Every structure is written in structure tokens, then in C-alpha cells.
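I opened this entry to record what I looked up, step by step. The structure comes first, then my notes.

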Amino acid sequence: MLHWLWVLIVGAIIGVIAGAITGRSLPGGWIGNIIVGLVGASAGQWLLGSWGPQLAGMALIPSILGAIILVVVVSLVLGQMGKSAKA
């Protein structure tokens, strides 16, 4: 049970780091950061492997890189949806 709490905390931190690096904010606040951190961590490790330092079972460098990619993609998609709704 405590492992899942650590996974959520590390996922949130990864999401915050990705948002800070890209300078883009996501909807949903902390919940959005946790989701992007966890999904980005999974995608990053799937694409780049599990190398580098690990915390709560997540390889930090591939996880952060995956979350950065996900933040950019999600913000672009949501930005395009917002522009098309205004037009």
C-alpha cells in the first residue's frame, strides 16, 4: 500500500518537473500532474528503457523525458482544440 503512495508522489513530482521544464501548464492541477507524470513515466521507460537512477520503481531520466514529451503533446492538442472552438 505504501508503495502506491510513493508511486503517486513520484509521478506528481515528475509531472511538475516536466511542466516546469516546458513552461506549459496542464489543466487539473496536481491531478493533471500526477496523470502526466505516471503516463509519461510509462511511455518514457517503454521508449527509452529503464536506465539511470530509480525511485519508486521508475527510472527518473526516461520518465522525465517521457513526461516532457507528453506535456508538449497534450498542451498542443488542448491548445488546438481551444482555438477551433473559438473559431
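**Notes on the helices and the core**

I began where helix 1 stops: Gly23 follows helix 1, and the phi of Gly23 is positive, near 75 degrees. I note that the model is predicted.

I then went back over helix 1 itself. Helix 1 covers residues 2-22, which is 21 residues. I read 30 Å from its first C-alpha to its last, close to the 30 Å expected at 1.5 Å a residue. I listed its buried residues as Val7, Val10, Gly11, Ala12, Ile14, Gly15, Ala18 and Gly19.

Next I took helix 2, residues 29-48. Its 20 residues should span 28 Å at 1.5 Å a residue, so the 27 Å between its end C-alpha atoms agrees. The buried residues I found in helix 2 are Gly32, Asn33, Val36, Gly37, Gly40, Ala41, Gly44 and Gln45. After helix 2 comes Gly49, and I noted its positive phi, near 90 degrees.

Which residues make up the largest nonpolar core? I counted 11 residues in all: Val7, Val10, Ile14, Ala18, Leu26, Val36, Ala41, Met58, Ala67, Ile68 and Val71. Helix 1, helix 2 and helix 3 (60-86) each supply at least two residues of this core. Helix 1 gives the most, with 4 residues.

Last, I looked up Val71, one of the core residues. Leaving aside neighbours within four places in sequence, I found Val71 in contact with Ala18, Gly19, Thr22, Arg24, Leu26 and Val36.

Key:
Residues are numbered from 1 along each chain as its sequence is written. This is a predicted model: local features need pLDDT of at least 70, side-chain atom pairs count only at pLDDT 80 or more; totals for chains, interfaces and linings use all residues. Side-chain values use heavy atoms; hydrogens and water are left out. The expected span of a helix is 1.5 Å times one less than its number of residues. Buried means under 20% relative accessible area, exposed over 50%, partly exposed in between (1.4 Å probe, protein chains only). A nonpolar core is a set of buried Ala, Val, Leu, Ile, Met, Phe, Trp, Tyr and Cys residues joined through side-chain atoms within 4.5 Å. Contact means heavy atoms within 4.5 Å.
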